Each structure stands twice: as C-alpha cells, then as structure tokens.
Amino acid sequence: AEEALHHAQKIEALGTLAGGIAHDFNNILLAITGNTRLAIQELPSDHPVQNGLAEIAKASARATDLVNRILTFSRQSECRREILQLQPAVEEAIKLLRATLPALIEINCNFAQGLPPVRADATQIHQVIVNLVTNAAYAIGDGKAGCITLSLDEAHVAQGGAPQLKAGRYVRLSVADTGSGMDRATLDRAFDPFFTTKPVGRGTGLGLSVVDGIMRNHEGSVIVSSEPGRGTTFRLYFPAVEPAAEARPAPQEAAVQQAK
Ligand code: ADP
C-alpha cells in the first residue's frame, strides 16, 4: 500500500510538471505554426522552400496535438475549490494513511472546534496531507517508534506578521513529527523541486514543491520549522471564509454556475 501511495504521489507531481511544460510549449508552438502559415501565404506557391514549409506545418500540427493531450491529462489536477470544513477532509485522509503506516507510528489529532470554513479543493488537501505524513513517517525511520500530530486551529496574522501572508484570519493545519528533523542546509532547499536527501528510488524531491504549489492555489502559505534530532512541524495557512462571503458564491464559482 505504501508503494501505491508513493506511486500516486509521483503521478500527481508529474501531472503538475507536465502541465507546466506543456503550457510553455503551446506558446512556442503557436509562434512556429503562425509564422509558418504566414510564410506559406506570402511566398509564391512555386517557391523552392514551400515543400520544407509544408513539412514544418505538418510536424508542428502533430506537436500541437500531443501537447493538447498532455494538457488534458494535467487539467485533471486543476484546482476546484469549494467552501468546506477542513476537519472531515483531514480525518478522511488520516483514515486512509493509517492503514499504510507502520504500527510503531502513532497518529494524534488535535482539532479545535467551531473553526470557520475555508475555500479548498478536497482532492488537493488530501494530496498535501499524504505528502506531509509520508515525509514525516520517513523522518521517523523504518522500525522506529514515533509520533505524528495533526492539528487544526485558528490563527490571526497581523500586518507584516509573516512575510508571505496577508493580515487576516486563517485556519491553520499543522503536521508535526518526532522524526530526524532537518539541518539548516536541508531546510533552505526542502521546497526546491527535485531536491531530496532520500536514496534513489525513495524520493522524487517533488513532494514539498507540490505542497507549496497547492498552498499558493489556495491563497495560503506553508511555513516549516525544524530541529535536527527533535522533529519537524509544517504549518499550512488557509484564509478563513468570513460568514458574509459564505452567503454569496465567489466570482469564479458564480461564472461557472452561469455557464451551466
Ligand atoms: P522527497 O520526499 O521525494 O525527498 P520532498 O520535496 O517531499 O521530496 O522533500 C524534500 C526533502 O525535505 C526530503 O528529502 C527531506 O530531506 C526533507 N524533508 C521533508 N519533510 C521532512 C520531515 N518531515 N522531516 C525531515 N526532513 C524532511
């Protein structure tokens, strides 16, 4: 089951990566196909380069088709946010993860009651928790006892209180472990795509960059603190949905509803 989980994490990361590359490629292809078409039109039809131009047009049409198929695949991981409570989403993810983790690892939950809802994509929340808990279990180590604690509470961020967060009210999801912790050098690079300290085959170095990307999708942020030998805590900040905003749909949701 751990293998399957690891595989799912890789596929998700690949989708995000491929989508980004495909998007950039699409723009490049547009320049190629557009200018080729222009050259075909502008040059006399018996011009010696017409054959070559036709070949370019054919090849770039095939490339466009391929890129569109990749984009369709990666759009499955597009962010679809709705107003929800984080607690049931967290509980569901834990239920699934519990079965895949060694019995020596204890999972604790610490959920504050009466928290405001957030605007979130349940699938992406699931992905974030899987990535963080998988890393936490690895940091505790094979055959070792340890503890992973998931907490939900409310946080008020003051103006200038945290550089990457706007002032306001947040629901905070924390994932803390009693694992190996990270030294300064690892901490500095932990979120870099493809950065990993794990042996070949165990790590892609994409887990945390996916977490970071998802938190950006949610207009939130992830903050990490770690102490070598003691453990690591990831804190995810989701902007709280205020009661007034909850009453009416967000602009993009409203547009979707109209289109239906
Ligand atoms: P991967 O898990 O494939 O290595 P990640 O982006 O998820 O990729 O993590 C990058 C690196 O950050 C890990 O290799 C590890 O060194 C460090 N790291 C992540 N989470 C933890 C944690 N909970 N405890 C200690 N180190 C961690």
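Let me begin with the shell around the ligand, which by class has seven nonpolar, 14 polar and two charged residues, where Ala, Val, Leu, Ile, Met, Phe, Trp, Tyr, Cys and Pro count as nonpolar, Asp, Glu, Lys and Arg as charged, and the others, Gly among them, as polar. Please keep in mind that this is a predicted model, in which local features need pLDDT of at least 70 and side-chain atom pairs count only at pLDDT 80 or more, while totals for chains, interfaces and linings use all residues. Residues are numbered from 1 along each chain as its sequence is written.

Of the 23 residues around the ligand, those that come nearest are Ala139, Thr196, Gly203, Gly207 and Leu208, and a residue is near a molecule if its C-beta atom, placed from the backbone, lies within 6 Å of it. Helices here are DSSP runs of H or I with at least four residues, strands are runs of E with at least two, and both are numbered from the N terminus.

Now to helix H3, residues 86-98. Its 13 residues should span 18 Å at 1.5 Å a residue, and its end C-alpha atoms are 18 Å apart, which agrees; the expected span is 1.5 Å times one less than the number of residues. In H3, Leu86, Ala89, Val90, Ala93 and Leu97 are buried, meaning that 20 or more other C-beta atoms lie within 10 Å of their own, whereas 12 or fewer make a residue exposed and counts in between make it partly exposed, with C-beta atoms placed from the backbone. Seen down the axis of H3, these buried residues fall within an arc of 95 degrees, so they line one face of the helix; the arc is that of the directions from the helix axis to the C-beta atoms. On the other side of H3, Pro88, Glu91, Lys95 and Arg98 are exposed.

How do the strands pair? Seven bridges join strand E2 (residues 105-111) to E4, and these run parallel, with Asn110 standing opposite Ser151 in E4. Ten bridges join E4 to E5, which run antiparallel, and here His156 stands opposite Arg169 in E5. Strands count as paired if DSSP finds at least two bridges between them.

Finally, Glu219 has a positive phi of about 55 degrees although it is not a glycine. Glu219 sits in the loop between H6 and strand E6 (221-227), and it is partly exposed, with 14 other C-beta atoms within 10 Å.
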